[in-house]
Amino acid sequence: MSLPSDVQHLFTAIDHVGIAVPDLDEAMAFYRDAYGMTVLHEEVNEEQGVREAMVGVGDSDSNPGGSCIQLLAPLTPESTIAKFLDRNGQGIQQLAFRVDDVEHVADVLRERGLRLLYDAPRRGTSDSRVNFIHPKDAGGVLVELVEPAR
């Protein structure tokens, strides 16, 4: 089966895998001590209701385009991550693909019948622009689209 050329270039890389955790400090210590990984970035994202950390995999600390694990802890019991933890417990919450233009990719996906969670991109980690594909349209997986900050 031959795919249209735009299908092959929507995503440029796996940006990160998001893992919901109840305690960010405990999770960062585990990834550091058990796996030898380095926390590359930590922030609070009030809009998303999370305290988060990006943990580098492999040479990600010296390679800005490298792969990461995103640890996500809830700020409040009402946050999306808190609800995820209540339903599913700690674990993989999302798969994030890096894109060059989140609005273009969202438009292409909408044309193909997929639902996105937001009408327009929102602020993500490190001032990236993000949107999400509804899990019911992505095989049960919450897929994040990440356009890194320029």
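Read from the N terminus, the elements of the protein chain follow the order α-β-α-β-β-β-α-β-α-β-β-β. That amounts to four helices and eight strands. The radius of gyration is 15 Å, close to the 15 Å that the globule rule gives for 150 residues, so the chain is as compact as a globular protein of that length. The model is a predicted one. Its C-alpha trace spans about 45 × 35 × 30 Å along the principal axes.

Of the contacts with a separation of 6 or more, 55% join residues 24 or more positions apart in the protein chain. Buried residues account for 41% of the 150 residues. The accessible surface of the chain is about 8400 Å², and carbon and sulfur atoms hold 51% of that area.

The protein chain carries 13 positive and 25 negative side chains. The centres of these two sets lie 5 Å apart. Twelve salt bridges are present in the structure.

One of the salt bridges joins R51 and D25, whose closest N and O atoms are 2.7 Å apart. R51 belongs to strand β3 (residues 50-56) and D25 to helix α2 (residues 24-35), so the pair ties together parts that are 26 residues apart in sequence. How exposed are the two partners? R51 has a relative accessibility of 22% and so counts as partly exposed. Buried means under 20% relative accessible area, and R51 at 22% is therefore not classed as buried. D25, at 44% relative accessibility, also counts as partly exposed.

Another salt bridge is formed by the side chains of R32 and D33, with an N to O distance of 2.8 Å. R32 counts as partly exposed because its relative accessibility is 46%. D33 has a relative accessibility of 55% and therefore counts as exposed.

R110 and D107 form a salt bridge as well, at 3.7 Å from N to O. Both residues sit in helix α4 (residues 102-111), and because they are three residues apart there, about one helical turn separates them. R110 is partly exposed, with a relative accessible area of 32%. D107 is likewise partly exposed, with a relative accessible area of 42%.

Salt bridges can also be followed through a group of residues. E103, R129, E147 and R150 are linked by salt bridges into a network.

Which side chain of opposite charge is nearest to E144, and how far away is it? The nearest is R123, at 9.8 Å.

Terms used. Residues are numbered from 1 along each chain as its sequence is written. This is a predicted model: local features need pLDDT of at least 70, side-chain atom pairs count only at pLDDT 80 or more; totals for chains, interfaces and linings use all residues. Side-chain values use heavy atoms; hydrogens and water are left out. Helices (H or I, at least four residues) and strands (E, at least two) are DSSP runs, numbered from the N terminus. The radius of gyration is taken over C-alpha atoms; the globule rule is 2.2 Å times the number of residues to the power 0.38. Buried means under 20% relative accessible area, exposed over 50%, partly exposed in between (1.4 Å probe, protein chains only). Contact means heavy atoms within 4.5 Å. Accessible areas come from the Shrake-Rupley method with a 1.4 Å probe; for residues, only the protein chains shown count as cover. Lys and Arg count as positive and Asp and Glu as negative; His and the chain ends are not counted. The place of a charge is taken as NZ of Lys, CZ of Arg, CG of Asp or CD of Glu. A salt bridge is a side-chain nitrogen of Lys or Arg within 4 Å of a carboxyl oxygen of Asp or Glu.
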